[in-house]
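Good morning. Please look at the sequence and the structure on the screen while I talk through a few points.

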Amino acid sequence: MLMVAFVTGTCEKEMGSDMYTPLFETRRAKGRVLYRLFAVTVFTGICLIWAYRLSHIPRTGEAGRWVWIGAFGADLWFGLYWILTQASRWNVVYRFTFKDRLSNRHDKELPGVDIFVCTADPAIEPPLMVMNTILSVVAYDYPPEKLSVYLSDDAGSDLTFYALLEASNFAKHWIPYCKKFKVEPRSPAAYFSSICANHDETGQDKQLLAIKKLYKEMEERLENVVKLNRVPDDAKLKHKGFSEWESYSSRRDHGAILQIVTDGKDPRAVDVDGCALPTLVYLAREKRPEHHHNFKAGALNALLRVSVNISNGAIILTLDCDMYSNDSLSIRDALCFFMDEEKSHDIAFVQFSMKYNNITKNDIYGGLLRASKNVEFHGADGYGGPLYVGSCCFHRRDALCGRKYTKDCKLEYKSVTSPQRQESTEELEERIKYLATCTYEQNTQWGGEMGLKYGCPVEDVITGLSIKCRGWRSVYFNPKREGFCGVSPTSLTQTLVQHKRWSEGDFQILFSKYSPAWYAYGRISIGLQMVYSCYCLWALNCLATLYYAIIPSLCLLKGVPLFPQASSPWFLPFVYVISAKYIYSLAEFLFAGGTVQGWWNEQRIWLYKRTSSYLLGFIDSILKLLGFAESGFVITSKIADDDVLDRHEKEIMEFGDSSSMLTILATIAMLNLYCFVGVVKNVIMDAGAAADSLYNTMPLQILLCAVLVLINFPLYRGLFFRRDKGRLPSSAGLRAFVLAFLACSCFNFLH
Ligand SMILES: O=c1ccn([C@@H]2O[C@H](COP(=O)(O)OP(=O)(O)O[C@H]3O[C@H](CO)[C@@H](O)[C@H](O)[C@H]3O)[C@@H](O)[C@H]2O)c(=O)[nH]1
Ligand SMILES: [Mn+2]
């Protein structure tokens, strides 16, 4: 193994082709045996807890029988769910690429790569941000004649088109600059802010100033256009493409607009140094009120069809508009997985990890999902591959379009040439526009067996699963320097809304044709079935979590014990399982580069997501199953006011507008505060013996209630002590008071 690792690309060539050296390597995580032993001890603890619950059910007529049965249900659920999560930790693997070998062996015959960037609303996805993403990918270190970038604009906005024209002009300066100075990252905004921070402007000073000036001018123009909400007339006259907007009536009602902004096949398309430019295409598919547009999945499918006729890249990268490339060599990394002579033939997609440039030190909204990024996806990789999460993922075109895996599925990049063309760019645009019309997909397999799946708010996860069910594998690549960098939500409401969409979508997959629970059986490994089930069951977690966040505290106030006494031997498994689980999760978090405060914040966010987003996601899914609701796609906003950003920097929780989700969270927080204060009051009034017996009979309930009060601290602060705009709205607070009071009274009345 070591030997192979040290053979460099050049040696390889000299040794001849009979000596195969892989383009990538897979290493198993260390300490797996230790982890498995640990997991077995926790499992034993869980079994003991189940045994305790079953053997101590109060008899009919005795107090607390129903709450006990409920607690058994919750413990059973948590135990079973914990077992499912073990699949993500049982078989962790890491991947490493050898890009120098790729260059030595394949540099002359690299496949075409098509990059799809999606945007949907210039008001919450600022064109300047989108253009930074576009510029970061047109500047990839890859032969320009093999690189094509497509922007799908679901808003069909001439502002975005204008921005793309501006970006294409700026690219003529930016690409040569990046290549000359080996710039990283290649999103101009990110690059400029990174060098400001480092004060490292030696050597290239003059050119840096020049390119920065060009960028600032572009930035100003784009910001002006957005502010005025219209494109200046002189710009409209300069490019014939704007005439397409003459028949445009609204973002939900317009014809297909296809504009090849830079045609890589045109010899005049060169940068300031005279080098060829990558192809750059703008597409706003047709939208009509009477046709459902299927959100991002519909947009990507239109791009899949249109791009066949323009560049037909064998490899496709899908990107959200807020995820810029952070490493100009990522395409080459991905190709190491697709072009290895022996191990690549069944790899359908390579999901890259991503980082976020707006996450604060202690990550108050848990946006990083550290465990998923650094452990669970590696674990999924060990069983056949990670989920496709929509962005930062390289696909084989044929697999994404519905091809089944068979033994002869080696990537045929040499025979897939980009279409030869006799016609002019305009003629081509006119000829293939119909591929992006509303009616094109009628009576076809698109959205079903072909392309991205329709009807699910997480089109990405279900599409990835269906690809796997057709026999393919995927790979998770999490390099030291992340390949992509994006924006994470900066308010609690946004985080909760995003997770509602995810949990709802994942839950629906469980009941879809591609259910990981039954359809996938025999098609993917059992380990991977478990991994997928974990995500699909996020929503259902709401029930047991709500139970734990409410009932034990109410019982505490009433003096009904739900857990063993401190002196009982049954106390031990509870203490062991709880501490083992949390100490392990803290260790995992710290190991993945987090802080203790960050871990605490993440626990809070899990509680909030489970009790609000997942609950509503669960309810909506049931309504949808019964045919009462339709699934939507609430786009996450990528902008925020200055004072919101300021609070974000200071890690002050931003509650935002009064949504039903905030009311639920506030109700639970109030209820626990009420119970806790009630218990403290009783202890103080009774003093002595009463307090002692309380500590002995209900230590775990006291602990649970205290932790719930402690973890809700930012919420009490937002309700009682803050005056800024990001505080918890008093309407939500008022509703929470009433609801918490009602809950306590009802419980008192029933028991
Ligand atoms: O009708 C739509 C709605 C959204 N989008 C685009 O989809 C992307 C993701 O939308 P966003 O609001 O940022 O959602 P996120 O929750 O951040 O997205 C995650 O979750 C989605 C599935 O719910 C995946 O599609 C994304 O790739 C994944 O990053 C953005 O580029 C949007 O422009 C469209 O193109 N058309
Ligand atoms: Mn996003």
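I begin with a definition: rings of Phe, Tyr and Trp (its six-membered ring) pair if their centres lie within 6.5 Å, and planes under 30 degrees apart count as stacked, over 60 as edge-to-face and the rest as tilted. By that rule the structure holds 46 aromatic pairs. This is a predicted model, where local features need pLDDT of at least 70 and side-chain atom pairs count only at pLDDT 80 or more, while totals for chains, interfaces and linings use all residues. Residues are numbered from 1 along each chain as its sequence is written, chains are lettered from A and ligands numbered from 1 in the order in which they are written, and side-chain values use heavy atoms, with hydrogens and water left out.

Take one pair. The ring centres of W538 and Y614 are 5.7 Å apart and the planes are at 15°, so this pair is stacked. W538 is in the loop between α18 (526-536) and α19 (541-558), and Y614 is in helix α21 (residues 596-625), so the pair ties together parts 76 residues apart in sequence. Helices (H or I, at least four residues) and strands (E, at least two) are DSSP runs, numbered from the N terminus. Are W538 and Y614 buried or exposed? Both are buried, meaning under 20% relative accessible area, where exposed is over 50% and partly exposed lies in between (1.4 Å probe, protein chains only).

Now the ligand. Which residues are closest to ligand 1? They are D154, K296, D320, E459 and K638, out of 24 that surround it; a residue is near if one of its heavy atoms lies within 4 Å. A polar side-chain atom of K296 is 2.6 Å from an oxygen atom of ligand 1, and for K638 the distance is also 2.6 Å. For Q498, an N or O atom of the side chain is 2.9 Å from a ligand oxygen. Taken alone, ligand 1 exposes 690 Å², and the protein buries 95% of that (Shrake-Rupley method, 1.4 Å probe). In the shell around ligand 1, α17 gives the most, with 3 residues.

Last, the backbone. The peptide bond from E184 to P185 is cis, with omega near -15°, and P185 lies in the loop between α7 (158-181) and α8 (188-198). N312 is not a glycine, yet has a positive phi of about 50°. N312 is buried, with a relative accessible area of 18%. N443 also has a positive phi, near 60°, but N443 is exposed, at 83%.

Notes. Polar contact = N/O pair within 3.5 Å; in protein donor to acceptor, adjacent residues only side chain to side chain.
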